[in-house]
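Colleague: I have a chain open on my screen and would like to talk it through with you. Can we start with the overall picture and then go to the details?

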Amino acid sequence: MGGTAEATDDLYQLSPGDTYPQMSMPSFTDAIRKVGSGLHISCEVQAGGRENLFPSGYNCWRGTIGITITAPPVDGRANAAIILLIADVMGVPRSSISIVSGHHSNRKVIRIDGLSLSDCIHTLDPLFE
């Protein structure tokens with residue numbers, strides 16, 4: 001009694017008193033990938049918000065880190081604000097940040113050159129607490 005469920009054919013066979021196996025919850029680090037000499041961060045942007053905030057949460061279903069900016073999504077103003085905000089939070093020059101994909105979407109991939117994965121995580125980790 002009190003055993004652990006066993007996975008068979010992608011289903012769990014439970015008996016009375018069994019428990020589900022421990023599963024770890026994904027963390028914000030799932031949104032960050034090392035690519036070449038830089039990092040790619042998957043983001044979800046809310047433009048026209050009340051304040052500029054990075055990170056503004058983590059969507060574990062989409063694997064994206066949230067960004068809230070006050071700039072409207074008009075004439076590239078939101079994208080420019082995203083670059084300024086991330087540069088400020090991460091402590092890197094604006095020139096090291098670019099938008100890889102999603103220029104006209106609220107889901108974006110942001111590239112940061114010259115920043116290590118460990119430094120990025122070290123900077124963001126306390127901001128998620």
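Modeller: Residues 24 or more positions apart make up 44% of those contacts in the protein chain that have a separation of 6 or more. Please keep in mind throughout that this is a predicted model.

Colleague: How many helices and strands are there in the protein chain, and how do the elements run from the N terminus on?

Modeller: The protein chain has two helices and eight strands, and from the N terminus on the order is β-β-β-β-β-β-α-β-β-α. Of its 129 residues, 34% count as buried.

Colleague: Which residues touch the most other members in the largest nonpolar core?

Modeller: That core has 27 residues, and those touching the most other members are Ile67, Ile69, Ile86 and Met90. Two or more residues each come from strand 4 (38-46), strand 6 (64-68), helix 1, strand 7 (97-101), strand 8 (107-113) and helix 2 (117-124), and helix 1 gives the most, with seven residues. As a general point, nonpolar side chains in soluble globular proteins tend to be buried together.

Colleague: Take Ile67, then. What is it in contact with, leaving aside neighbours within four places in sequence?

Modeller: With those neighbours set aside, Ile67 is in contact with Cys43, Glu44, Val45, Gln46, Leu53, Phe54, Ser56, Ile82, Leu85 and Ile86.

Colleague: Phe54 is in that list. What kind of peptide bond runs from Phe54 to Pro55?

Modeller: The bond from Phe54 to Pro55 is cis, with omega near -5°, and Pro55 is found in the loop between strand 4 and strand 5 (58-59).

Colleague: Switching to backbone angles, what is phi of Asp75, and is Asp75 buried or exposed?

Modeller: Phi of Asp75 is near 55°, which is a positive value in a residue other than glycine. Asp75 is found in the loop between strand 6 and helix 1, and with a relative accessible area of 74% it is exposed, because the cut-off for that class is over 50%.

Colleague: Now aromatics. How many aromatic pairs does a search of the whole structure find?

Modeller: The search finds one aromatic pair, formed by Phe28 and Phe128, and it is stacked, at 4.3 Å centre to centre with 15° between the planes.

Colleague: Where do Phe28 and Phe128 lie, and what does the pair tie together?

Modeller: Phe28 lies in the loop between strand 2 (11-13) and strand 3 (32-35), whereas Phe128 lies in the segment after helix 2, so the pair ties together parts that are 100 residues apart in sequence. Phe28 counts as buried, at 7% relative accessibility, while Phe128 counts as partly exposed, at 26%.

Colleague: What about pockets? What volume does the largest pocket have?

Modeller: The largest pocket has a volume of about 190 Å³. It is lined by 15 residues, and the closest to its centre are Pro73, Ala78, Asn79, His103 and Lys108.

Colleague: Where does the largest share of that lining come from, and what is its make-up by class?

Modeller: Helix 1 (residues 77-90) gives the largest share of the lining, four residues, and by class the lining has six nonpolar, six polar and three charged residues.

Colleague: Last one. Where is Ser116 found, and how far apart are the C-alpha atoms of Ser116 and Ser37?

Modeller: Ser116 is found in the loop between strand 8 and helix 2, and although Ser116 and Ser37 are 79 residues apart along the chain, their C-alpha atoms are separated by 8.4 Å. Ser116 is partly exposed, with a relative accessible area of 28%.

Methods
Residues numbered from 1 in each chain as written. Predicted model: local features only at pLDDT ≥ 70, side-chain atom pairs only at ≥ 80, totals over all residues. Heavy atoms only, no water. 1 Å grid on protein atoms, 1.4 Å probe; cavity = no way out; pocket = protein on both sides within 12 Å on 5 of 7 lines; lining within 4 Å. Points joined across faces, edges and corners; volume = space filled by probe spheres on them. Nonpolar A, V, L, I, M, F, W, Y, C, P; charged D, E, K, R; others polar. Core = buried A, V, L, I, M, F, W, Y, C linked by side-chain atoms within 4.5 Å. Buried < 20%, exposed > 50% of the residue type's maximum accessible area, 1.4 Å probe, protein only. Contact = heavy atoms within 4.5 Å. Phe/Tyr/Trp six-rings, centres within 6.5 Å; stacked < 30°, edge-to-face > 60°.
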